[in-house]
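Here is a short briefing to read alongside the sequence and the 3D view. Take a look at the fold, then go through the points below.

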Amino acid sequence: MEEKTVDIEGSYSLSASREAVWKMLNDPEVLRACIPGCETLDAQSPTEMAAVVVTKIGPIKARFSGEVTLKDLDPPSSCRIVGEGKGGVAGFAQGEAHVRLVPEESGTRLDYTVEVQIGGKIAQLGQRLVHSTARKLSDQFFTCLAEKIAAEGLDDTGDATVAERTTVSSTT
């Protein structure tokens, strides 16, 4: 079975305090609403969640069932997210993300780095397709998060826009 390692990093500026962003990132209802294709997301404990997500990468559409654990929690500054998901014949994904919330004059900058191993049919797809899908899904998630922040009245500026500065790189 073919496997690839995909490294993703990026930053998003959100117009809310670190505490507000941290709260939203740890709210299962917000995550369920903002994760593209999320069918279910259940908190197993304050640091563990199980989810089912349907996603399409190029010609491959798959339903992934997985678990995520939050580790190295330093509220409201940073955490590490470790997870894995299985999508049947489409393949699997497992990896970890490091998330850091940095106060800025206009709100909070969220920096993240992700390293994920993918296998199966999704690993056979071209790097450009995997990169563009990762970017699109990240943009959808953070746009939704910004809208939720504004709807909850947590927006410090009255502007729910997200300034995106994402780069996606891949190694095999």
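**An aromatic cluster and a buried arginine**

Y112 and F142 are both buried. Please keep in mind that this is a predicted model.

**The aromatic residues**

- If you search the whole structure, you will find four aromatic pairs.
- One of them joins Y12 and F142: the ring centres are 4.0 Å apart and the planes meet at 20°, so this pair is stacked.
- Y12 belongs to strand 1 (residues 3-14) and F142 to helix 3 (residues 127-151), so their pairing ties together parts that are 130 residues apart in sequence.
- Y12 and F142 are both buried.
- Y112 also pairs with F142 in a stacked arrangement, with 5.9 Å from centre to centre and 20° between the planes.
- Because Y112 sits in strand 7 (residues 107-119) and F142 in helix 3, this pair ties together parts that are 30 residues apart in sequence.
- Which residues form one aromatic cluster? The members are Y12, Y112, F141 and F142.

- You can find R80 in strand 5, which spans residues 78-86.
- Is R80 buried or exposed? Its relative accessibility is 19%, and the cut-off for buried is under 20%, so R80 counts as buried.
- The side chain of R80 makes a polar contact of 2.8 Å with the side chain of D72.
- A polar contact of 3.2 Å links the side chains of R80 and E96.
- Setting aside neighbours within four places in sequence, R80 is in contact with T69, L70, K71, D72, E96, A97 and H98.

**The chain as a whole**

- The protein chain has three helices and eight strands.
- Reading from the N terminus, the order of its elements is β-α-α-β-β-β-β-β-β-α-β.
- Of the 172 residues in the protein chain, 42% are buried.
- Among contacts in the protein chain with a separation of 6 or more, 59% are between residues 24 or more positions apart.
- The protein chain has an accessible surface of about 9,000 Å², and carbon and sulfur atoms account for 51% of this area.

Conventions: Residues are numbered from 1 along each chain as its sequence is written. This is a predicted model: local features need pLDDT of at least 70, side-chain atom pairs count only at pLDDT 80 or more; totals for chains, interfaces and linings use all residues. Side-chain values use heavy atoms; hydrogens and water are left out. Helices (H or I, at least four residues) and strands (E, at least two) are DSSP runs, numbered from the N terminus. Buried means under 20% relative accessible area, exposed over 50%, partly exposed in between (1.4 Å probe, protein chains only). A polar contact is a pair of N or O atoms within 3.5 Å; within protein, one must be able to donate a hydrogen and the other to accept it, and residues adjacent in sequence count only if both atoms are side-chain atoms. Contact means heavy atoms within 4.5 Å. Accessible areas come from the Shrake-Rupley method with a 1.4 Å probe; for residues, only the protein chains shown count as cover. Rings of Phe, Tyr and Trp (its six-membered ring) pair if their centres lie within 6.5 Å; planes under 30 degrees apart count as stacked, over 60 as edge-to-face and the rest as tilted.
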